[in-house]
Amino acid sequence: MRTIYLLIAFAGLCMASCQEVTIGYLKTEHAKYSIDTLYVGERSILEQIEAMELQYPPELKEMALAYRELKVLEEEMDGMYAESNALEEELASLDEETDAERMDEIYTRLDEIDEWFYHYDDLDGIYGNGLDVFWNEGFDYVDPICDEYIGLISKVEEAIPWSTSTIEGVLGTQPIMYSIADVTSTDGNANLFKEELVMHGGGRMQLPFACKAPKGTYRVAIIIENEGYSHRLDNVFTFIID
């Protein structure tokens, strides 16, 4: 009987020890941001815009703005053609005496559509002239240059938040969660900066475009965790507010 009690007790200990085993894994020894520093501030954006304007032909700004608007108008073009054709067909079926008011409405709208196409052609001419200049100076791939320039301008115009990439090199059992552990700074206000900094999925961090934290260098520590594991990475990313 004593032997049976001992076996039961031993089995109980084994079960308890099995329950204490953590399921899953988390590896962060190779975790890093591909770009681990972000310069924050409108001035840094304006400097990048100015640098592009110096690097490329002077037609860059006008061409890029035309390029941006053309992309919007091209999405509307099929609808404009369809509306114009429908109005022309309706106009042909109307009587000048009995449908004069409706005909005036159609003529007014057709004039507006004509103006739309004139504007499109003007923009297309500006963009085409810019392309010729860029190609003559050896720049073969112009659209990516326009996209980069417009991206910078839009960031200022729309106050787009400052954003990091996601972190790379994290392996583990899902779900994996990320959070801000700490922010340090020797020349700024780390507490205020931490209040404004937001962590998103994959370790992507965002800061408001018009952040309130003063100029300075801010180093961020983050926590990566899943069920049963928690790893802290110190000084994994640096924000520089100019």
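Strand β5, residues 177-184, pairs with β8 in the antiparallel sense over seven bridges. Two strands count as paired if DSSP finds at least two bridges between them. Helices (H or I, at least four residues) and strands (E, at least two) are DSSP runs, numbered from the N terminus.

Some housekeeping. This is a predicted model, in which local features need pLDDT of at least 70 and side-chain atom pairs count only at pLDDT 80 or more, while totals for chains, interfaces and linings use all residues. Residues are numbered from 1 along each chain as its sequence is written, and side-chain values use heavy atoms, with hydrogens and water left out.

Back to β8. Strand β8 covers residues 216-226, and eight of its eleven residues are buried, where buried means under 20% relative accessible area, exposed over 50% and partly exposed in between, with a 1.4 Å probe and protein chains only. β8 also pairs with β9, residues 229-241, in the antiparallel sense over ten bridges. There, E225 has S230 in β9 as its bridge partner. The hairpin of β8 and β9 has two residues between the strands, and G228 takes a positive phi near 95°.

The open sheet has four strands in the order β2-β9-β8-β5, with mixed pairing. β2 (37-40) and β5 are at the edges with a single partner strand each, so one side of each has no neighbour in the sheet. From one strand to the next the twist averages 30°. The parallel pairing is between β2 and β9, over four bridges, and V40 stands opposite I241 in β9.

Now the helices. α3 (residues 60-92) and α5 (residues 143-158) pack at about 85°, axes 9 Å apart. Axes are lines fitted to C-alpha atoms, for helices over the stretch in contact, and angles run from 0 to 180 degrees between N-to-C directions. The two helices are therefore roughly perpendicular, the class for 65 to 115 degrees; under 35 is roughly parallel, over 145 roughly antiparallel, and the rest oblique. The contact (heavy atoms within 4.5 Å) includes L65 and Y67 of α3 and I150 and I153 of α5.

Last, the whole chain. The protein chain has six helices and nine strands. Of its 242 residues, 34% count as buried. The C-alpha atoms fill a box of roughly 115 × 50 × 35 Å along the principal axes.
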